[in-house]
Amino acid sequence: MNDLLVYHGGTEIVEKPICSIGRPNLDFGKGFYVTNIRQQAVDWAKQVSGRRKVEPILNRYLLNREAILKECKTKVFVAYDREWLEFIVKSRQGQNDSESFDYIEGGVANDRVVDTINLYMTGLMDIDTALRRLSEHQPNNQMCLLNQKITDKYLVFDGTEAI
């Protein structure tokens, strides 16, 4: 097995992730989000901990991504492109297709790109301008596990770190 080390930043130890308690209307729907970029998870944990006034925690997991991609219903976005943008907009409007997938991976609609998304969503920016602006950014990465059975089978808790 060729497991990928992934991280979930927050304020609580999460040994047994539960997909169904995530917030709706996030980038890839209601699920359990991880990233293979440690600093991205650390930054998120610090942001959340600042709002909650508690210490940040970094949860580590081993993800069998190869098996997920072979055996499950997946969607992988490789760029901030038209397909990604339309999916994110639908997600934020509560109209995405995330229920069709077990696993979705791709760039995060974070502070670097959210203004472009919001301008496009409100009609103040056309699709071509939005895509041109998005192309200036290197996507970071997030993985959303949407199916509890898949999560239980392919995501293994590996410990936590105080940050």
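Author: Leu5 has Leu62 as its bridge partner in β3. Before going on, a word on the model: it is predicted, so local features need pLDDT of at least 70 and side-chain atom pairs pLDDT 80 or more, while totals for chains, interfaces and linings use all residues. Residues count from 1 along each chain as its sequence is written, and side-chain values use heavy atoms, leaving out hydrogens and water.

In total, seven bridges link β1 with β3 (residues 57-63), and the two strands run antiparallel. (Strands are DSSP runs of E, at least two residues, and helices are runs of H or I, at least four, numbered from the N terminus; two strands pair if DSSP finds at least two bridges between them.) As a rule, strands of a sheet pair through backbone hydrogen bonds, either parallel or antiparallel.

Zooming out, β1 belongs to an open, antiparallel sheet of three strands, ordered β1-β3-β7. β1 (4-10) and β7 (155-162) are the edges; each has a single partner strand, so one side of each has no neighbour in the sheet. On average, neighbouring strands here are turned by 25° against each other, direction ignored.

Is β1 then buried or exposed? Five of its seven residues are buried, so β1 is largely enclosed by the rest of the structure. (Buried means under 20% relative accessible area, exposed over 50%, partly exposed in between, using a 1.4 Å probe and protein chains only.) Helix α1 (residues 38-52) lies across β1, β3 and β7, and runs at about 15° to β1. (Axes are lines fitted to C-alpha atoms, for helices over the stretch in contact, with angles from 0 to 180 degrees between N-to-C directions.)

Now follow the chain to Thr11, which sits in the loop between β1 and β2 (32-34). Thr11 is buried too, at 14% relative accessible area. Leaving aside neighbours within four places in sequence, Thr11 is in contact (heavy atoms within 4.5 Å) with Val48, Ser49, Arg52, Val54, Glu55 and Ile57. Take Val48: its C-alpha is 7.1 Å from that of Thr11, though the two are 37 residues apart along the chain. With Arg52, Thr11 makes a side-chain polar contact of 2.8 Å. (That's a pair of N or O atoms within 3.5 Å; within protein, one must be able to donate a hydrogen and the other to accept it, and residues adjacent in sequence count only if both atoms are side-chain atoms.)
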